Amino acid sequence: MFLSTIPMAARDPILGLNEQFSQDPRNDKVNLAVGVYYDDSGKIPLLDCIAEAEASLVASRLARGYQPIDGPTAFQDAVLPVVFGPMGNLSDARRIATVQTVGGTSALRLAADFLRQWGGADHAMVSDPTWDNHRGVLGGAGLYVGTYRYLSAGAKTPDLDGMIADLSSAAPGTVVVLHACCHNPTGYDLPAEAWSAVMETIARRQLIPLLDNAYQGFGDGLEDDASVVRTFLSSGLPFLVATSLSKNFSLYGERVGALSVVCPDTEAAARVRSQLKGLIRTNYSNPPSHGGRLVTTVLSTPALREHWQAELESIRLRILRVRQHLATALQSYGIDKDFSFITRQKGMFSYSGLDAVQMRRLREDHGIYGVDTGRICVAALNSRNLEQIAKAMACAFQAQAAALSS
């Protein structure tokens, strides 16, 4: 029987660690692997604006019928200005085909399926390094996935020259996944002035840009984090944006996302939407309702939207404080290393500088779980565990230095 010959799949590099973490009996264990924001009490917060929106929805006793294949128009209209800015120019709004998806991951997969079937794409490029699931999502759609250089040799700044050189050698029609803000896993974003060179190369080589907009609001603020998307919009280039709303609304389990395709004109947008609907129909049929309704309610209610922006800003500022406290704590251990890079990184993640051996030591010796690449989720640090984590990391850095000098 064929089922008896199916091999065991490799564990997901992040979710597999979560399974290992859950089985660890130590009471002081810490999970820095998963990309989730926790407040200072170590809990995923329920935003006040979401609680108020949810109470309103419960009171309205709405039926739980099927949604439109591409999601409600109200959801699309509410999300569009968050990502692209005020849609005063109606011609811009009408040439953007936006559909609701099952989180940001589904938006990426829908984009890959669409580009494979209708864009003639067979190759994609992701940054080296990138979010591990990018390769799986794009490869699962039938694309060959290569990489472009992203970090310098010292792994402390983006390697713009290497990135441009690699993009310049890509074949026309190659899909290029770009991180709109808060690069995952490194936390290092391209400087604003670098994007003109990236867009010029994309236009010259006729590449297809796919922007992964997973962490808007966690880096420099809700509007500033959208600057790359809006720069692409003003360039006139066709491009796609996969947006997660699960994270900046703290609705992880509701899986709220959107895919937007920026087209040359209104007629092209209508055709694109029709094909996206066809792909959705044969995949998950239509998106779930509850999370999308919560987001729509918050964004379309001025008082709730203002409250959301204030809550999101407080999350961003706490992450900045945690970064500063971690860098200061590490420096206090007298390690001959400049830890200011932690404060220059953006968003929830930090490329800590620890290697796979040291990350395994953190897990085995201290019960602190991070990815072997050295990526840690700084949003999981709090006033109770920060000193414990800093001390364990300091031991790992000291062991790393001793190994290198021997």
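**View 1. Arg26 and its salt-bridge partner Asp24**. Arg26 counts as partly exposed because its relative accessibility is 27% (partly exposed lies between buried, under 20% relative accessible area, and exposed, over 50%; 1.4 Å probe, protein chains only). Its side chain meets that of Asp24 in a salt bridge, 2.7 Å from N to O (a side-chain nitrogen of Lys or Arg within 4 Å of a carboxyl oxygen of Asp or Glu). Asp24, at 7% relative accessibility, counts as buried. The model is predicted: local features need pLDDT of at least 70 and side-chain atom pairs count only at pLDDT 80 or more, whereas totals for chains, interfaces and linings use all residues. Residues are numbered from 1 along each chain as its sequence is written, and side-chain values use heavy atoms, with hydrogens and water left out.

**View 2. The salt bridge between Arg273 and Asp70**. The two side chains meet at 2.9 Å, N to O. Arg273 lies in helix 10 (residues 266-281) and Asp70 in the loop between helix 2 (48-60) and helix 3 (73-84), so the pair ties together parts 203 residues apart in sequence (helices are DSSP runs of H or I, at least four residues, numbered from the N terminus). Arg273 is partly exposed at 21% relative accessibility, while Asp70 is buried at 9%.

**View 3. Glu223 with Arg230**. Their side chains form a salt bridge of 2.5 Å, N to O. Glu223 is partly exposed, with a relative accessible area of 40%.

**View 4. Ser106 in helix 5 (residues 103-118)**. Ser106 is buried, at 13% relative accessibility. Leaving aside residues up to four places away in sequence, Ser106 touches Thr101 and Tyr284 (contact means heavy atoms within 4.5 Å).

Definitions and conventions
Helix = DSSP H or I, 4+ residues; strand = E, 2+ residues; numbered from the N terminus.
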